[in-house]
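Biologist: I'd like to learn how to read a structure like this. Can you walk me through some features?

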Amino acid sequence: MFHRHKEWKVELNKSFKRLIIPFIVFSIIGQAIWTIRLLCLHETDIVKYIGFPGTFILYGAFHGNAPLWFLFSLFIVRIAFNSFETKIKWFNIAIMSIALACLFNYMGLSRPYYLLNIVTGLFYYSIGYGLRQIQYNDRFFLICLCLTLLIAVTHPIYVDMRSNQFSSGCHPIWFIYCTAAIVSIDYILKHLPSIHCNSFGLKHIGLHAMPLYISHWIVLTFVDCIIILIGGVEKGSHFIALSIGCLILLPVCCYFIEKHFKLI
């Protein structure tokens with residue numbers, strides 16, 4: 001965890017440049033291409049063209065680049081944690097966050113999404129900060145690995161973090177499960193010989209994760225537009241076409257983004 005406390009104006013300025021500016025820019029690009037896709041589909045419902053402000057209010061992102069909900073939520077989490085940490089211990093922030101998340105889930109609160117995933121994100125941000133000194137400790141890793149395997153086998157859990165909704169398992173246990181799993185996977189990857197990571201492209205993907213993340217939905221939508229224009233294809237061929245499109249266009253997008261944007 002790389003958090004360092006800053007004056008709130010410094011943190012606000014830094015987080016805005018690295019999170020909100022990419023959010024705005026790539027949401028606009030994505031929404032433009034999404035609109036073209038609607039035109040390709042001969043969509044006549046005007047609400048689908050002009051309803052994007054309501055989409056943001058409810059979901060914290062736009063259809064044109066829906067995965068960017070994470071950037072907006074992370075921005076709020078970083079500002080909140082930076083403000084709280086000098087007044088409240090990280091452990092108490094984590095406890096309050098998990099309590100709110102469980103309360104919202106118990107109440108059946110499902111909108112807006114960002115209210116739900118911000119409290120969840122604040123938990124993981126706090127716990128990551130608190131465990132930074134021991135996350136690579138061998139004994140701690142073994143405890144986390146055992147917890148991960150035990151819960152996965154005896155009590156499998158699925159939670160949609162974006163909406164804070166779970167479809168199976170116990171919601172409070174999910175926080176323990178995910179924390180243990182994150183620590184375990186991080187430890188394993190850190191101790192794998194670098195040649196193994198490189199052979200699967202993991203290191204390369206990690207180095208370019210942010211550009212890939214903010215551009216992949218745009219690329220998928222663009223390729224889908226082309227598929228629609230040529231008359232569509234079968235389901236299997238559609239998946240292959242999208243995959244080929246990503247393989248060709250994503251490296252180009254990464255190069256352009258890394259050249260012109262300073263990201264996280």
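Predicted model: local features only at pLDDT ≥ 70, side-chain atom pairs only at ≥ 80, totals over all residues.

**Salt bridges, helices and a patch**

Modeller: Start with D224 and R37, which are both buried. They form a salt bridge, with the closest N and O atoms 2.7 Å apart. D224 sits in helix 11 and R37 in helix 1, so this pair links parts of the chain 187 residues apart.

Biologist: How many salt bridges are there by this rule?

Modeller: Three. Another joins the side chains of E11 and R78, at 3.3 Å from N to O. E11 belongs to helix 1 and R78 to helix 4, so the bridge ties together parts 67 residues apart in sequence. Both E11 and R78 are buried.

Biologist: And what about K48 and E43, buried or partly exposed?

Modeller: Their side chains meet in a salt bridge too, 3.5 Å from N to O. K48 is partly exposed at 46% relative accessible area, and E43 is partly exposed at 24%.

Biologist: How do I read two packed helices?

Modeller: Packed helices are described by the angle and the distance between their axes. Here, the axes of helix 1 (residues 8-40) and helix 4 (residues 69-84) come within 9 Å and cross at roughly 175°. That makes helix 1 roughly antiparallel to helix 4. The contact includes W8, E11 and F16 of helix 1, and F72, F75 and R78 of helix 4.

Biologist: Which residues make the nonpolar surface patch?

Modeller: F222, I226, L229, I230 and V233 do, over about 490 Å². I230 lies in the loop between helix 11 (209-229) and helix 12 (235-260). I230 counts as exposed because its relative accessibility is 61%, and the cut-off for exposed is over 50%.

How values were computed: Residues numbered from 1 in each chain as written. Heavy atoms only, no water. Patch = residues over 30% accessible without salt bridge, like charges linked within 9 Å, V, L, I, M, F, W, Y side chains within 5 Å. Areas by Shrake-Rupley, 256 points an atom, 1.4 Å probe, with all protein chains shown as cover. Salt bridge = Lys/Arg side-chain N within 4 Å of Asp/Glu carboxyl O. Helix = DSSP H or I, 4+ residues; strand = E, 2+ residues; numbered from the N terminus. Buried < 20%, exposed > 50% of the residue type's maximum accessible area, 1.4 Å probe, protein only. Axes fitted to C-alpha atoms, helices over the stretch in contact; angles between N-to-C directions. Parallel < 35°, antiparallel > 145°, perpendicular 65-115°, else oblique. Contact = heavy atoms within 4.5 Å.
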